[in-house]
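Q: Could you walk me through the place where the ligand is held? I'd like a close look at just that part, in plain words.

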Amino acid sequence: MTKRPGKLGTLGVMKLSPRLRLLHALEGKPLDRPPLWLMRQAGRYLPGYQSIRAQHSFWELCHSPQLCTQAAMEPMERFGFDAAIVFSDILVIPQALGMQVHFDGHEGPKMAQPLREASQLQTWNAAKLLEALSFVPEAVRHLRGALGEEYGLLGFGGAPWTLLAYMLEGHADKNFAVARAMLHTQPEFAHRAMDMLADILIGYLEAQCAAGADVVQLFDSWGGLLGAEDYARFALPPIQKIAKALRANNRRLLLFVRDGQHLLPLLAECGCHGISLDWRIPFHQAATQLPQHCLQGNLDPALLLSTPSVVREETRKLLAAMKARNHYHRCIFNLGHGIFPQTKTECVSALCEEVALAD
Ligand code: 1CP
């Protein structure tokens, strides 16, 4: 990708390279405009992705660094985001732990034998597991090679509670009632499992950083299902453990919690550099509640099914809220959750054009 010439913005901030824009947002340095990437920006709404999937199963794709790079580069080339995210899935960890994870069309992932009892944890071996997961840092390394040094690169993993929720429930579910009940019927088991997952994630995310990721994001997609007391008791301590370990190596972390408005005071204590906001909370409200953190978000992903003019208007509103934060201080433009498969690509283009115009 080509280098852009330096240009002075209205506040005298030099036009930044895409990668520096991401790093400046995380480090609280001056920005010309917020950096932009979208959660699940590679995927089912793109024709190139669909043609990869017509020839390869989802797991074949995830296990091939070449195919992962092809999938991750498609939105970069088409829309020119500031950062790419490695193509993978949060469920590679349960899979590497020996669970059979199937993706059946539209129904979401299913596991043949859900996790049920503490004795099953004895087979978890962190060192062996990292070896089994080495295809993910390999995909990061391969993607960095294709991307060059000018663009940002994100790695990711599921947060311990969200991973455990899938493993206990055995499938995607809007309530995860079995998993939530087990926190209370077998609390020691739940704590132990999440603490082990934290140790695994420390090694896994560190390997992605060492392979070239500028920042890693923890997806706590089901964090909002927990009340604040349960989140503080079960879900937050393993996240804090991960953040502490990665910060000790000068790594950067973002945490996304879906439906986590009631958790924002707790998230201030999570130890990550940035918090990725769900679309339901007004940006300015979160900015008041979390003055010290980098905030990422939070356009409603459903808007990308509307029209380019609606997207432009809502993007400008969110940019105005970010600009009010001391000229985009610690702001990353993103969606409030992953992109929908029904997304219209002309709406994504409209979003990107509006963000590029911000100054
Ligand atoms: O082709 C297909 O049919 C598979 C669809 C698909 C894709 C494209 C799945 C199955 N995973 C992915 C890739 C993926 N998953 C990415 C990389 C894409 C990118 O960002 O460019 C990422 C970041 C994820 C992360 C992920 N997987 C999350 C966290 C983010 C979120 O959306 O909350 C979760 C919860 C999953 C589980 C999962 N994997 C796949 C599906 C359909 C789901 C969700 C199921 C559910 O509703 O519980």
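A: Let's start with Asp89: one of its polar side-chain atoms lies 2.6 Å from a nitrogen atom of the ligand. Keep in mind that this is a predicted model. For Tyr166, an N or O atom of the side chain is 2.4 Å from a ligand oxygen, and for Ser221 the distance from a side-chain N or O atom to a ligand oxygen is 2.5 Å. On its own, the ligand has 880 Å² of accessible area, and the protein covers 89% of that.

Now zoom out a bit. The ligand sits in the largest pocket, with 21 residues around it. Asp89, Tyr166 and Ser221 are among the closest of these, and so are Arg40 and Tyr49. What kinds of residues make up that shell? You'll find 13 nonpolar ones, four polar ones and four charged ones.

While you have the model open, take a look at another Asp, Asp32. You'll spot Asp32 in the loop that runs between α1 (18–27) and α2 (47–55). Is Asp32 buried or exposed? Its relative accessibility is 9%, and buried means under 20%, so Asp32 counts as buried. Its side chain has polar partners, too. One is the side chain of Arg21, joined to that of Asp32 by a polar contact of 2.8 Å. Another is the backbone nitrogen of Leu16, which the Asp32 side chain reaches at 3.0 Å.

Key:
Residues numbered from 1 in each chain as written. Predicted model: local features only at pLDDT ≥ 70, side-chain atom pairs only at ≥ 80, totals over all residues. Heavy atoms only, no water. Near = heavy atom within 4 Å. Polar contact = N/O pair within 3.5 Å; in protein donor to acceptor, adjacent residues only side chain to side chain. Areas by Shrake-Rupley, 256 points an atom, 1.4 Å probe, with all protein chains shown as cover. 1 Å grid on protein atoms, 1.4 Å probe; cavity = no way out; pocket = protein on both sides within 12 Å on 5 of 7 lines; lining within 4 Å. Sits in = over half its atoms within 2 Å of the grid points. Nonpolar A, V, L, I, M, F, W, Y, C, P; charged D, E, K, R; others polar. Helix = DSSP H or I, 4+ residues; strand = E, 2+ residues; numbered from the N terminus. Buried < 20%, exposed > 50% of the residue type's maximum accessible area, 1.4 Å probe, protein only.
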